[in-house]
Amino acid sequence: MPQALEHADGSWAWVVLLATMVTQGLTLGFPTCIGIFFTELQWEFQASNSETSWIPSILMAVLHMAGPLCSILVGRFGCRVTTMLGGVLASLGMVASSFSRNLSQLYFTAGFITGLGMCFSFQSSVTVLGFYFVRRRVLANALASMGVSLGITLWPLLSRYLLEDLGWRGTFLVFGGVFLHCCICGAIMRPVATSVAPETKEYPPPPPETPALGCVAACGRTIQRHLAFDILRHNTGYCVYVLGVMWSLLGFPLPQVFLVPYAMWHRVDEQQAALLISIIGFSNIFLRPLAGLMAGRPTFASHRKYLFSLAFLLNGLTNLVCAASGDFWVLVGYCLVYSVSMSGIGALIFQVLMDIVPMDQFPRALGLFAVLDGFAFLISPPLA
């Protein structure tokens, strides 16, 4: 069907910004509520902590590692179709998981399929936002990040409310319907007149006598286009940054998975335990945009890497305080300080990467960075 192209920085850009906020809240906010179901799933399947923790670890790993595949789909079909496809996959994954009879099925449905759909919706919505906003791009990204904070605030409360009445199976079924809202958000993301058209250059087919070599060469070109292994070899700063963040991410996502069962183990009420995650999300509503705007100021340009390191240092020290006491009010204070470190990390993690690699190499560097970080997310909860 012929489609009218929207213009960058126009009035429709703000509607797309709202859709991106909702998409980020649905996708990036969802993993924080898995801890609400941790005890229920453990009891249902008589599983250990490690076996149950593979569900959120697979979900978060696929959410990050499928980034290059999402880039290929965006280049071929556009951001609009990719976002809607992600909503359908996330919905199917949650609906199928409500009928799962063992943990292996949950690994595939709630972990792999839902994580894949969330990756498609999230990354394509972030991409289209860059096309719609040119002059106010920093402000748009800061406002869009509020969607993550709203998601972190509302997902645990909704999960606790539905879990009491419907159980985890009924709750997952409702979540399948909730994720279909990503399709509505994707439909809003009309094509932009200033966007880069998909590449249509035709390459000559490989010679008939060497089809295998042609396939290998095509795969090699695709990997080289989306994953910057050459930058990893030759850019020392990028190598240190990737390895350092990978090591840090072994601990960073753990509160989202284990904070609720940890509080309940210390005899904190279930409602109050779920409220702890919402406190982190509510604080981030104000802290994350503020941190994003401060990180974009030229004054902090030469100090970003040091502020980024301090944010991770504060995050690690905060976790030590959490391990010292399980009292509810101590955990509330922990959540507030954790929110400060989380906002600093979220605001600076991509800004620092942009300072390390040239912008023309940034998409490839980001693709490899997301894949390697996915491995850290995968092993972190089971290792803990």
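Is glutamate 270 buried, partly exposed or exposed? Glutamate 270 is partly exposed, at a relative accessible area of 36%. The close-ups below come from a predicted model.

**View 1. Arginine 160 pairs with glutamate 270.** Their side chains form a salt bridge, 2.9 Å from N to O. Arginine 160 lies in helix H7 and glutamate 270 in helix H13 (residues 270-295), 110 residues apart. Arginine 160 counts as buried, at 7% relative accessibility. A network of salt bridges links Arg160, Glu164 and Glu270.

**View 2. Glutamate 44 meets arginine 169 in a salt bridge.** The N to O distance is 3.4 Å. This pair links distant parts of the chain: glutamate 44 belongs to helix H2 (residues 34-45), arginine 169 to helix H7 (residues 137-179). Both are partly exposed, glutamate 44 at 33% and arginine 169 at 21%. The whole structure holds 4 salt bridges.

**View 3. Arginine 304 bridges to aspartate 355.** The closest N and O atoms are 3.1 Å apart. Helix H14 supplies arginine 304 and helix H15 aspartate 355, 51 residues apart. Arginine 304 is buried at 9% relative accessibility; aspartate 355 is partly exposed at 43%.

**View 4. Helix H15 has a kink.** The helix covers residues 328-356 and reaches 41 Å from first to last C-alpha, close to the expected 42 Å. The kink is about 35 degrees, centred on leucine 348. At the start of H15, a side-chain oxygen of aspartate 327 comes to within 3.1 Å of the backbone nitrogen of tryptophan 329.

**View 5. Leucines form a nonpolar surface patch.** Leu307, Leu310, Leu313, Leu317 and Leu320 together have about 490 Å² of accessible area. Leucine 313 sits in helix H14 (residues 304-324). Leucine 313 is partly exposed, at 49%.

Key: Residues numbered from 1 in each chain as written. Predicted model: local features only at pLDDT ≥ 70, side-chain atom pairs only at ≥ 80, totals over all residues. Heavy atoms only, no water. Patch = residues over 30% accessible without salt bridge, like charges linked within 9 Å, V, L, I, M, F, W, Y side chains within 5 Å. Areas by Shrake-Rupley, 256 points an atom, 1.4 Å probe, with all protein chains shown as cover. Helix = DSSP H or I, 4+ residues; strand = E, 2+ residues; numbered from the N terminus. Buried < 20%, exposed > 50% of the residue type's maximum accessible area, 1.4 Å probe, protein only. Expected span 1.5 Å × (residues − 1). Bend = angle between axes of the 7 residues up to and from the residue. Polar contact = N/O pair within 3.5 Å; in protein donor to acceptor, adjacent residues only side chain to side chain.
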